[in-house]
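I wanted a quick look at the charges in this one.

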Amino acid sequence: MSSAAISAGGNAHSKGKKAHADSHAAPPKIAAAEPPKELVREPLVLNGRSLAWITDAIAGICEKPMPKWWWPAFIISFGGMGMMFSLVAYLISTGVGVWGLNQPADWAWDITNFVFWIGIGHAGTLISAVLFLLRQKWRTSINRAAEAMTLFAVACAGIFPVVHTGRVWFALMPGYLIPFPNANYIWPQFRSPLLWDVFAVSTYGTVSLLFWYVGLIPDLATLRDRATNKIRGALYGLFSLGWSNSNRAWCNYEKAYLILAGLSTPLVLSVHSIVSFDFAVSQVPGWHTTIFPPYFVAGAIFSGFGMVLTLLIPMRSLFHLEDIITTRHVELMCKVILATGSMVGYAYGMEFFIAWYGGSPYELYAFKNRAFGPYWWAYWSMITCNVISPHLFWFKWCRKTMWFVWLVSIVVNIGMWFERFVIIVTSLHRDYLPSSWGYFTPTWVDVFTFVGSFGLFMTLFLLFIRFLPAIAISEVKAVTPQADPHHPLGGAKEHH
Amino acid sequence: MSAPVPQPIGLLAQYETAADILHAAVAVRDAGYKKWDVFTPFPIHGMDDAMGLKKSKVGYFTFCGGLTGFSFGMWMIWFMNKADYPLVVGGKPLFTPLFAFPVSYELTILLSAFGTIGGMFLLNGLPRLYNPLFNVKRFKKASDDKFFVFIEMADPKFSTEKTRELLQHAGASSVEVVED
């Protein structure tokens, strides 16, 4: 038995030897499989730029005089902002009658604009917090500008609900919105989602500002260290709080940043959920739906990424930042738009299905009226912009062609404005009794107040790129190979 | 009063790459120094272990903030809508934690964020008005592309020669005395 085994083994051995000898003589019939090629991640900073190049490229923007286009852009935006504040003054001094809203549509452009702007903000928080928790390193190139966009969008959003109350001084008076002891001995009424909204939006604005500022501290220190004149040095020095890049500080800083990301994630999800409660908690057909919170959040991220692209595509080419905000970054954002756009499309379909399946004639009527009633044009604009346009991003060409992405990003934002308009106005304009039906049309004050809010938004954004680093310098450095002590470019001697 | 004469306070060594600074940190830690720090333009992965730092305590501040926020929110709504000025609206109860939850939730997050940032500032000693290292010209590169180790003279193991040798042996491109 054993000898047979040995001989068999010996036989196999000799056969193996023979095969080996053969392989020298002629190539084997079946070639050995080549090992699969190692997949190399596309670098986040192109052309192997050095750490110093990154500092110069980003900090340089706010150190050199602004390029020529900046001033006209700023003056136009500033004019728009002035127009908005004048119209707000006109509204406050005259009354809400200067707007087109009236019974039954007593929410119209004001709340549409509010939800539109607050939704735009959501992409900034998603990029800065959610993508951070998911360890998406590509976020580092875009998070600073996106967070700034969030803050400015929240600033625009905050104006509309306050001024739509008409007598603004009541809204801002302690006791109505803000719980504070007052002469009338009354307190706000916490059973109303409108008050939840006050807390959600103000918390969101505050936490976004803090998160943004904490992220800015090391970069402000960079600007302080590079400052060539005393005023710049003093101001950047003041706001960088004496940051010294000490690792004992980085240790606490990184922990705080992680926690803030962890806090902002449930926060951003709650904000648009609570905004949707303003509608969903009511009994109005077309508003009273449980799908609203996730549907609003998806729509918010969808529109926010649209706005991020609208701002960043011109910014990257005007300031020559193509090596930091690469085509890959744009492509990834397009994919987020595709994903959230599909969710929004699904929600539109599901709303209709539930309106039919739920068996409430009022609900079904509201939805039929939405698509085929007097506001059909708004509904189908929304469908075209939000359901059809994101699906262009299935194609690589569409994601890689900058002007095309930019156009689609604007279409997305138009669509998302229409979505809010459709939800708000079509649900309200036909009340339960045909005698209280109406048709809302905006006045010129409605239109120009909204247009002016873009002026405010752009003014703030242009000032931001003028004075603050528009890309997170230290974070971008941290994702380069030079920052990795185990990478040859980071100085590692031994080969891994 | 005449200006005080600058006194040496420690040694500052410059390193050129992330790997160098990581190895230098390990060397300083293993030599048993306590009063020292590393300065890098961005957080370097693995540096906390290389320096032998303990886990950051920021989380405790977050927790305290969050707990305060949630309990304050619940208490505030109970006090305002049930205790101080009870007013029935739409036949709803004067207080339940259900309708009080969204606002308390937001306040939890708000005060957690305040706690986190306040805690981080406290632990890092920020804002800091004066830092003698900022008098060193080359230290400005700590926020650009250079890496530094600073060992304080106050450290019991400090000796000008031996410490300098340690820093240089770890690959420093320059070592200088910092005065204040």
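Entry 1, chain A. I kept in mind that this is a predicted model. I looked up the secondary structure of chain A and got 17 helices and zero strands. Its C-alpha trace spans about 105 × 70 × 45 Å along the principal axes. I found 55% of its 496 residues buried. For contacts between residues at least 6 apart in sequence, 79% join residues at least 24 apart. I also checked the charges: the mean positions of the 34 positive and 25 negative ones lie 7 Å apart.

A:E331 pairs with A:R399, with 3.1 Å between the closest N and O atoms. That pair ties helix 11 (residues 327-357) to helix 14 (residues 396-400), 68 residues apart in chain A. Both A:E331 and A:R399 are buried. I then saw that A:E331, A:K396, A:R399 and A:K400 form a salt-bridge network.

B:D144 meets B:K141 at 3.3 Å, N to O. I noted B:D144 as buried because its relative accessible area is 10%, while B:K141 is partly exposed at 38%. B:D145 and B:K146 make another bridge at 3.7 Å. Here B:D145 is buried at 15%, and B:K146 is buried at 19%.

Which residues gather in a patch of positive charge on the surface? I listed B:K34, B:K54, B:K57, B:K157 and B:K162. B:K57 sits in the loop between helix 2 (47-51) and helix 3 (58-84) of chain B. I put B:K57 down as partly exposed, because its relative accessibility is 46%.

Conventions: Residues are numbered from 1 along each chain as its sequence is written. Chains are lettered from A and ligands numbered from 1 in the order in which they are written. This is a predicted model: local features need pLDDT of at least 70, side-chain atom pairs count only at pLDDT 80 or more; totals for chains, interfaces and linings use all residues. Side-chain values use heavy atoms; hydrogens and water are left out. Patches are made of residues with over 30% relative accessible area and no salt bridge: like charges are joined within 9 Å, nonpolar side chains (Val, Leu, Ile, Met, Phe, Trp, Tyr) within 5 Å. Accessible areas come from the Shrake-Rupley method with a 1.4 Å probe; for residues, only the protein chains shown count as cover. A salt bridge is a side-chain nitrogen of Lys or Arg within 4 Å of a carboxyl oxygen of Asp or Glu. Lys and Arg count as positive and Asp and Glu as negative; His and the chain ends are not counted. The place of a charge is taken as NZ of Lys, CZ of Arg, CG of Asp or CD of Glu. Helices (H or I, at least four residues) and strands (E, at least two) are DSSP runs, numbered from the N terminus. Buried means under 20% relative accessible area, exposed over 50%, partly exposed in between (1.4 Å probe, protein chains only). Contact means heavy atoms within 4.5 Å.
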